[in-house]
Amino acid sequence: MKITPVRTGLFTAQADLASFIVRHIPSVAEGTVVAVASKLICLWKGKIEPYESEEQKEKLIRQESDFALKTPLCWLTVKDGMVMTNAGIDESNADGKLLFFPPDMYALAADLRTQLIRQWHVKNLGIVITDSMILPLRAGVIAGAVAYAGFKGVKDMRGKKDLFGRKLKVTLIDVADSLSTAAALCMGEGNEQTPLALIEQAPAEFVDEVPPNEIKYSVENDLYTPLFKAVGYHKQGEKND
């Protein structure tokens, strides 16, 4: 697998994202996955508000979340079936503004893929929208897939045998988040100005349709369910026990 970060100019709010990408990446090989920083998607289709105060930001984080818990470093939130910091609201590299995730990121990923396929004249193309995430009990950030299109985000290994012939019972490989983290390691988190990356020869299965929920796990069956229950997590509209 080969990952190439792409340095770009500044993307302005509500500009044409497909044209911006093609201007910096004139062509791609078949079977490429393009990693796109979520900030570009927020500028393209999301809501933007001037930053006024921490109180304003905290209020907006709670409004945008299905669940929000204050921690020493940030707000730990659940939004659109994902655990993330601050409901995805970001002010880094935003020039004094707050950037919000637009609704239906999967539809936007699919739309962007369609436009790029048309301009690049390729068939097998993946799009993964990346955003910084934090693992429990780990220092530093990785990246996860906020949404993706054009490839299967999960590889099901259940029923296959391990090295010694034992059948795997629960193993699912998280392809989308793995590609996101690999790309983000090359894209950076500061002033690199590389919000795009080309992932070539990725171990991914390319498809035209992606079920938006294939990568999402229900809170009832999740590894961290006991922790969610301990802090009183419940779905929006439900009451705590």
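How many aromatic pairs does the structure hold? In this predicted model, the structure holds three aromatic pairs. A pair of aromatic rings is described by the distance of the centres and by the angle of the planes. Phe11 and Phe20 form an edge-to-face pair, with 4.9 Å from centre to centre and 65 degrees between the planes. The angle counts as edge-to-face because the planes are over 60 degrees apart. Phe11 is buried, at 10% relative accessibility, and Phe20 is likewise buried, at 3%. Elsewhere, ring pairs join Tyr106, Tyr148 and Phe151 into a cluster.

An aromatic ring also takes part in a contact with a charged group. The charged end of Lys47 is placed over the ring of Phe100, at 4.4 Å from the centre of that ring.

The cysteines were examined next. A disulfide is a covalent bond between the sulfur atoms of two cysteines. The structure holds zero disulfides. For Cys42, the closest cysteine sulfur is that of Cys74, and this sulfur lies 17 Å away, which is too far for a bond. Cys74 is accordingly in no disulfide, the sulfur of Cys42 being the nearest cysteine sulfur to its own. The separation of 17 Å may be set against the cut-off, as the two sulfur atoms of a disulfide must lie within 2.5 Å.

How values were computed: Residues are numbered from 1 along each chain as its sequence is written. This is a predicted model: local features need pLDDT of at least 70, side-chain atom pairs count only at pLDDT 80 or more; totals for chains, interfaces and linings use all residues. Side-chain values use heavy atoms; hydrogens and water are left out. Rings of Phe, Tyr and Trp (its six-membered ring) pair if their centres lie within 6.5 Å; planes under 30 degrees apart count as stacked, over 60 as edge-to-face and the rest as tilted. Buried means under 20% relative accessible area, exposed over 50%, partly exposed in between (1.4 Å probe, protein chains only). A charge sits over a ring if NZ of Lys or CZ of Arg is within 6 Å of the ring centre and within 35 degrees of the ring normal.
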